[in-house]
Amino acid sequence: MKKLLALLCATAMMLGCTKEENVAPTYTGASQNIGNGKAYSWIKFTTDNKPSSLGFTMTKGALDNLPHGGIALVLSLPNEAVGQVPFDHIMLDYLHTGHEPPGTYDVAHFDMHFYIQPLAERKAIPAYPVAPAKFDNLPAAGYIPTNYIRLPAGVPEMGVHWADPASPELSGKGKFTETLIYGSYDGKMTFMEPMVSHEFLSSKPNLTKSMPLPTKFAKAGYYPMKYSIKQVGDDIVVSLDDLMMMQ
């Protein structure tokens, strides 16, 4: 009987180890205060150690008590993401009165930039009149989704913004709730950006959409096939999902 019990215990320990080894890990970055909550980045891997999802979480209260002057948070990615995904950092902007064009994006919303461009390089982008040639140096065909159009001029510390003209707010079919923006500067695609209204984030969202993708990538890495905006418990989770290696 003792030998049988010892064998069962050993088997259970082996099974426990196997189960632990097969858990898909998630790593988180440092958190920052936002509103009455916090925001932090994270990356998820598959059980065979391939990145599967990258995003950030805003905890309970993050949508409350936001300043009218806006917020600009830089969320560093977890160390485990470095060299695994083409993204360098996440910039989370809140604009209480939105931005141009009037009647389209001039409502309270978040710009959620997932930057491929390094932080120091991005911060060096001047106002459009200072370097119009670099703003107007657009990526070659294929590096921005083919149906996207350039929005006017450009933004300091960001670059040129590109949008889908078929989105409800640009096609006249509805108001802005959420959309997917691309960015470029000096001939390169530099960011992917879910842009989401405060109202939509407050409505207990449960959204997953296919990612509008370019056909060419200047930097190899794991790029998202989908993106999600969801309320999970008391938290808001925004993610780039189904990461796939693109050359």
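How many of the residues of strand β10 (residues 178-185) are buried?

## Strand β10

The model discussed here is predicted. In strand β10 (residues 178-185), eight of the eight residues are buried, and the strand is thus mostly covered. In a regular strand the side chains alternate between the two faces of the sheet. In β10, Glu178, Leu180, Tyr182 and Ser184 point one way, while Thr179, Ile181, Gly183 and Tyr185 point the other way. Residues of both sets are buried.

## Partners of β10

Strands of a sheet pair through backbone hydrogen bonds, either parallel or antiparallel. On one side, β10 pairs with strand β9 (residues 160-163) in the antiparallel sense, over three bridges. Within this pairing, His161 has Gly183 of β10 as its bridge partner.

β10 is also joined to strand β11 (residues 188-197), by eight bridges and again in an antiparallel arrangement. Two of the residue pairs can be named: Leu180 is bridged to Pro194 of β11, and Tyr185 to Lys188 of β11. The hairpin of β10 and β11 has two residues between the strands, and Asp186 in this hairpin adopts a positive phi near 50°.

## The seven-stranded sheet

Where does β10 stand in the order of the sheet? The sheet is open and has seven strands in the order β5-β6-β7-β11-β10-β9-β8, with antiparallel pairing; β10 therefore stands between β11 and β9. The edges are formed by β5 (71-76) and β8 (149-150), each of which has a single partner strand, so one side of each lacks a neighbour in the sheet.

## The chain as a whole

The secondary structure of the protein chain consists of five helices and 16 strands. The C-alpha trace spans about 85 × 40 × 35 Å along its principal axes. Of the 247 residues, 43% count as buried. Among contacts with a separation of 6 or more, 54% are made by residues 24 or more positions apart.

The accessible surface of the chain is about 12,600 Å², and carbon and sulfur atoms contribute 57% of this surface. The chain carries 20 positive and 23 negative side chains, and the centres of these two sets are 8 Å apart.

Phe56 lies in strand β4 (residues 51-58). Its relative accessibility is 0%, so Phe56 counts as buried. Beyond residues up to four places away in sequence, Phe56 touches Tyr40, Ser41, Trp42, Leu75, Ile90, Leu92, Met112, Phe114, Ile236, Val237 and Val238. Phe56 and Asn36 are separated by 20 residues in sequence and by 16 Å in space, C-alpha to C-alpha.

Phe87 is placed in the loop between β5 and β6 (89-95). Apart from neighbours within four places in sequence, the residues in contact with Phe87 are Leu54, Leu77, Phe114, Tyr115, Ile116, Met192, Tyr222, Pro224 and Leu240. Phe114 is also among the residues that Phe56 touches. Phe87 and Ala72 are 15 residues apart in sequence, with 18 Å between their C-alpha atoms.

## Ser228 and its polar contact

Ser228 is found in strand β14 (residues 226-232). With a relative accessible area of 5%, Ser228 is buried. Which side chain makes a polar contact with the side chain of Ser228? The partner is the side chain of Asp241, at 2.6 Å. When neighbours within four places in sequence are left aside, the contacts of Ser228 are Leu207, Thr208, Val237, Val238, Ser239 and Asp241. Val237 and Val238 are likewise among the residues touched by Phe56.

Definitions and conventions
Residues numbered from 1 in each chain as written. Predicted model: local features only at pLDDT ≥ 70, side-chain atom pairs only at ≥ 80, totals over all residues. Heavy atoms only, no water. Buried < 20%, exposed > 50% of the residue type's maximum accessible area, 1.4 Å probe, protein only. Helix = DSSP H or I, 4+ residues; strand = E, 2+ residues; numbered from the N terminus. Contact = heavy atoms within 4.5 Å. Areas by Shrake-Rupley, 256 points an atom, 1.4 Å probe, with all protein chains shown as cover. Lys, Arg positive; Asp, Glu negative; His and termini not counted. Charge placed at Lys NZ, Arg CZ, Asp CG, Glu CD. Polar contact = N/O pair within 3.5 Å; in protein donor to acceptor, adjacent residues only side chain to side chain.
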